[in-house]
Amino acid sequence: MATTLAKAAEEIRAETTHAARIEHVSKSFTGPAGSQLVLDDITLDVAPGEFVTLLGASGCGKSTLLNLVAGLDKPSAGTIATDGRPALMFQEHALFPWLTAGKNIELALKLRGVPKAERRPKAEELLELVRLHGAYGKRVHELSGGMRQRVALARALAQDSRLLLMDEPFAALDAITRDVLHDELTRIWRETNVSVLFVTHNVREAVRLAQRVVLLSSRPGRVAHEWRVDIPHPRRIEDSAVAELSVEITEQLRGEIRRHGQH
Amino acid sequence: MASTETKEAGDSQDLAGLEAGLDALETTAGPVRTPVRQVLVQKVLPPLTAVLLVLVVWQALVSFKVVDDPSKLPSPSAVWNEVREAWLQGTLLDYIWTSVSRGLLGFVFALAIGTPLGLIVARVRFIRAAIGPILSGLQSLPSVAWVPPAVLWLGLENKMMYAVILLGAVPSIANGLVSGVDQVPPLFLRAGRTLGATGLRHTWHIVLPAALPGYLAGLKQGWAFSWRSLMAAEIIASSPELGVGLGQLLENGRNASSMPMIFLAIFLILIVGIAIDLLIFSPLERRVLRGRGLLVKS
């Protein structure tokens with residue numbers, strides 16, 4: 001009884017002081033070659049309003065970790081506590097092609113239980129936030145890649161989660177659009193004060209966006225290193241401070257990758 | 001502090017302008033409506049030419065006495081007279097309506113049964129393993145095979161016609177929905193779940209709309225099967241109480257050894273089958289595909 005109470009209290013504390021608390025999480029998949037450990041004893045907190053990027057080479061289990069935090073899969077060991085259900089944004093926009101941009105957002109509102117009368121104004125407001133006022137009635141295929149990702153961002157924000165999970169959301173965009181969306185995401189993150197856990201394999205992207213960069217090693221994924229990024233906003237991809245830290249992180253990342261070639 | 005704020009406001013303005021520029025550059029103007037003339041030339045003219053060509057060859061076969069027996073190949077004018085006569089007697093529309101009303105009503109029944117059946121087969125693993133193979137197997141069974149047992153079970157009544165239509169169309173409709181559901185990109189399912197859609201809401205808001213193109217293809221095929229099975233049933237099982245549909249018309253023509261009547265019946269069966277597809281299913285399918293940007297230019 002006392003232990004369950006203590007546990008409940010612990011959980012409440014976790015919910016209020018962390019947007020996400022990942023504790024000793026491991027995940028293994030059983031494949032044809034036997035059981036394979038993908039994530040090994042990951043411990044990571046995301047504070048409310050914090051922007052954290054998860055960085056790593058292929059096979060570090062970044063996306064697996066994000067799926068676990070999103071609740072789409074269960075960890076093999078360890079616990080994950082989040083403040084409510086997180087919103088998730090994918091590399092592909094994942095907008096529903098049978099709905100207009102506005103209706104995609106409204107579906108998210110509807111599934112969250114927002115009354116019908118409030119959905120349309122709320123959707124317009126979110127489109128305004130991602131600077132797509134005219135796009136309400138547009139079908140997904142009528143929008144450019146960057147616009148689709150912004151609608152996807154608006155839809156994720158429509159869930160009104162305290163935590164936004166992003167799985168390489170800009171990886172498929174051209175460099176110019178990506179750069180603009182970095183600025184956009186930074187602006188929206190600062191305006192909404194949502195916590196972000198952002199997965200990428202692009203070092204500059206990680207440094208440019210985050211307050212904290214977490215480097216994962218590969219096979220299995222472990223937390224290899226962490227950096228605080230104190231470069232003031234607005235940041236630019238070409239800022240020397242961004243470049244300097246990127247060089248340092250890249251060195252470390254390369255070291256992690258090199259280890260795999262040695263045996 | 002004030003200076004950084006103004007700097008940021010300026011940056012935000014910059015960003016808005018930059019973004020508006022990118023959006024404008026990357027989106028193309030909406031599709032231009034094809035002019036009527038072009039539609040006529042590209043869409044209407046070719047099939048009309050083909051039909052005309054067939055008529056010319058047909059008339060030539062008769063005129064140059066290549067086929068010299070009117071009981072084997074009637075002239076186009078003899079068939080036209082048959083049409084006129086049926087029209088003047090007021091029976092032409094009756095023939096068509098008898099069959100079309102049967103076909104459409106049967107199809108609606110098939111829809112009402114095939115849709116939930118397809119959904120259950122697609123979503124419940126045990127049921128899929130149990131009846132999935134039978135369902136796809138039934139699709140390759142010619143529905144005319146059902147006519148003799150249906151006559152024995154249900155007698156020479158409308159019920160029997162509907163039974164044959166159902167046995168022909170339900171597997172197509174159900175299978176269409178099953179393959180539609182199977183082809184839903186997993187990304188949509190995941191996206192739906194992260195948005196909080198579970199159970200029936202997941203099915204209604206995500207799975208069904210995503211499966212719609214496959215389902216419509218199944219409907220189209222289901223209609224073709226309905227119409228074929230109905231014609232088979234009408235030809236084999238004719239009885240005075242059943243009224244004269246297009247199938248019976250064909251059978252009557254054979255009994256009366258009237259080649260013009262047989263030709264009339266065949267043409268009507270063909271034309272009705274095509275017309276229903278062109279008037280109902282094709283526009284529906286085009287609308288759905290165009291809305292999703294899956295129809296580039298047709």
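Which domains does the domain assignment of chain B give? The answer is domain 1 (33-68) and domain 2 (75-291). Such bounds come from an automatic or database domain assignment. This is a predicted model, in which local features need pLDDT of at least 70, side-chain atom pairs count only at pLDDT 80 or more, and totals for chains, interfaces and linings use all residues. Residues are numbered from 1 along each chain as its sequence is written, while chains are lettered from A and ligands numbered from 1 in the order in which they are written.

**Confidence**

- The model scores ipTM 0.81 and pTM 0.79.
- Chain B has a mean pLDDT of 85, and 93% of its residues reach 70 or more. pLDDT is the predictor's confidence in each residue, from 0 to 100.
- Residues 1-5 of chain B stay under 50 in pLDDT. For these residues the model has 0 contacts beyond four places in sequence. Two residues are in contact if their C-beta atoms, placed from the backbone, lie within 7 Å.
- Where pLDDT is low, the predicted coordinates should not be read in detail.

**Where chain A meets chain B**

- 32 residues of chain A are in contact with 27 residues of chain B.
- On the chain A side, the elements that give two or more residues are β5 (87-89), α3 (101-111), α5 (145-158) and α6 (175-192). Helices (H or I, at least four residues) and strands (E, at least two) are DSSP runs, numbered from the N terminus.
- α6(A) gives the most to this side, with 6 residues.
- By class, the side of chain A that touches chain B has 18 nonpolar, 5 polar and 9 charged residues. Ala, Val, Leu, Ile, Met, Phe, Trp, Tyr, Cys and Pro count as nonpolar, Asp, Glu, Lys and Arg as charged, and the others, Gly among them, as polar.

**Domains of chain A**

- Chain A is divided into domain 1 (15-86 + 163-263) and domain 2 (91-160).
- The C-alpha centres of these two domains of chain A lie 25 Å apart.
- Their contact takes 14 residues from domain 1 of chain A and 9 residues from domain 2 of chain A.
- On the domain 1 side, β6 and α6 of chain A are the elements that give two or more residues.
- α6(A) supplies the largest share of that side, 6 residues.
- By class, the domain 1 side has 9 nonpolar, 2 polar and 3 charged residues.

**Residues to look at in chain A**

- Leu65(A) lies in helix α2 (residues 62-70) of chain A. Leu65(A) is buried, with 28 other C-beta atoms within 10 Å. A residue is buried if 20 or more other C-beta atoms lie within 10 Å of its own, exposed if 12 or fewer, and partly exposed in between; C-beta atoms are placed from the backbone.
- Leaving aside neighbours within four places in sequence, Leu65(A) is in contact with Leu39(A), Ile42(A), Leu54(A) and Gly221(A).
- Met89(A) is 24 residues from Leu65(A) along the chain, and their C-alpha atoms are separated by 14 Å.
- Arg131(A) sits in the loop between α4 (116-129) and α5 of chain A. Its phi is near 55°, a positive value in a residue other than glycine. Arg131(A) is buried, with 20 other C-beta atoms within 10 Å.
- Asp160(A) is in the loop between α5 and β6 (163-167) of chain A. Its phi is also positive, near 55°. Asp160(A) is partly exposed, with 16 other C-beta atoms within 10 Å.

- The centres of domain 1 and domain 2 of chain B, taken over C-alpha atoms, are separated by 29 Å.
- Helix α2 (residues 36-63) of chain B has 28 residues, which at 1.5 Å a residue should span 40 Å. The expected span is 1.5 Å times one less than the number of residues. The end C-alpha atoms of α2(B) are 37 Å apart, which agrees.
- α2(B) bends by about 40° at Val44(B), and a proline, Pro46(B), follows within four residues. The bend is the angle between axes fitted to the seven residues ending at a residue and the seven starting there.
- Of the 28 residues of α2(B), 0 are buried, so this helix lies largely in the open.
- Just after α2(B), Lys65(B) takes a positive phi of about 55°.
- Thr198(B) is found in the loop between α8 (186-194) and α9 (199-236) of chain B. Thr198(B) counts as exposed, with 10 C-beta neighbours inside 10 Å.
- Thr198(B) and Arg287(B) are 89 residues apart in sequence and 28 Å apart in space, C-alpha to C-alpha.
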